[in-house]
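Me: I would like a close look at one part of this structure. Please keep the explanation plain and define the terms.
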Amino acid sequence: MHHDVIVIGGSYAGMAAALQLLRARRSVLVIDAGERRNRFASHSHGFLGQDGVPPGDIAANARRQLEAYPTLAWLEGRVEAVTGRVDEFTVTTGDGGSHRGRRILLAAGVIDRLPAVAGLAERWGKAVFHCPYCHGYELGQGRIGIVGNGPMSVHQAELLTDWGDVTLLVNGAVELSQEARSALARRGVSIEDALIDRIEGHADVALADGRRLRFAGLFTATRTSPSDSLAEATGCALEETPMGSQVRTDAENKTSVTGIFACGDVARAPHSVSLAVGNGAMAGAQVHRSLLWPETVAPMRAGGGGR
């Protein structure tokens, strides 16, 4: 079957885009590897109408709603390659399958690169977070530790002071001038320069000097990158942001390759479920527009994202 659109990534942004296309009675194939970025979290917060709901429940309910549309095809698997050109793309999956589509929408999200601190990865999404709007309120204005991971950690520490008593754990990963230290002090942020040995218990930080600091929760500014190499392999331009690398797109969600669009975390920062859904819905409408008026499918102009 030759699909109108193949959506690579069936999480929040991809499903939001697919919904717009399905309601336009277009044939849509969603290919999903089942690795939602927030699968480590027990509850999702800050998403209107779904606040406090387990993220897996949100995703499952959304998929059930999509499956009510007869022009949806859903494939659980991993995409290995995208070849061809506009109106004649071929997507190859890990099981050897081959699928044809007129447009490609990249929505497979990003991966988080965490600081190399023992015990941190095991608590990711449970006691260690990256977004205060998603997880700050539940800490009850308790003590919050920021595990240093680069320049964004300073911004994160300043931001989180509305959610609790903040300590920036420099851990040798953040360069702080005296001016920066003074600015943090004015915001009420404590600074801990000792190296971290490991994370224990719920969110207890064992320092290399033997001290132990107990927190209600920990945050860290992760570095992100696309969850697969498809964008780069197809020739889509990438760009660097303070949060990491992402696919460069313009205001119409076009990439630098004709007929390939991108949405959600892989193409937009900052990141949250709400923002991914909104961007996905807009991307679906833009892809549909390109099918109606082929003259509008020209790729993003070189050198700019238009955002």
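Leaving aside its neighbours within four places in sequence, which residues is Thr255 in contact with?

Reply: This is a predicted model, in which local features need pLDDT of at least 70 and side-chain atom pairs count only at pLDDT 80 or more, while totals for chains, interfaces and linings use all residues. Residues are numbered from 1 along each chain as its sequence is written, and side-chain values use heavy atoms, with hydrogens and water left out.

Once neighbours within four places in sequence are set aside, Thr255 is in contact with Cys236, Val247, Arg248, Thr249, Ile260, Phe261, Ala262, Pro299 and Met300. Contact means heavy atoms within 4.5 Å. Thr255 sits in the loop between β18 (244-247) and β19. Strands (E, at least two residues) and helices (H or I, at least four) are DSSP runs, numbered from the N terminus. Thr255 counts as buried because its relative accessibility is 0%. Buried means under 20% relative accessible area, exposed over 50%, and partly exposed in between, with a 1.4 Å probe and protein chains only. From Thr255 to His3 there are 252 residues in sequence, and their C-alpha atoms are 20 Å apart in space.

In general, an α-helix has 3.6 residues a turn, so residues three or four places apart point the same way. Helix α7 runs over residues 273-292, 20 residues in number, and reaches 29 Å from its first C-alpha to its last, close to the 28 Å expected. The expected span is 1.5 Å times one less than the number of residues.

The UniProt annotation "domain: FAD/NAD(P)-binding", from an unreviewed entry, covers residues 3-280. UniProt positions are given in the numbering used here, feature names are shortened, and annotations may be inferred rather than shown by experiment. Residues 3-280 are 21% helix and 32% strand, and the end C-alpha atoms of this span lie 19 Å apart.

A search of the whole structure finds 0 disulfides, a disulfide being a pair of cysteine sulfur atoms within 2.5 Å.
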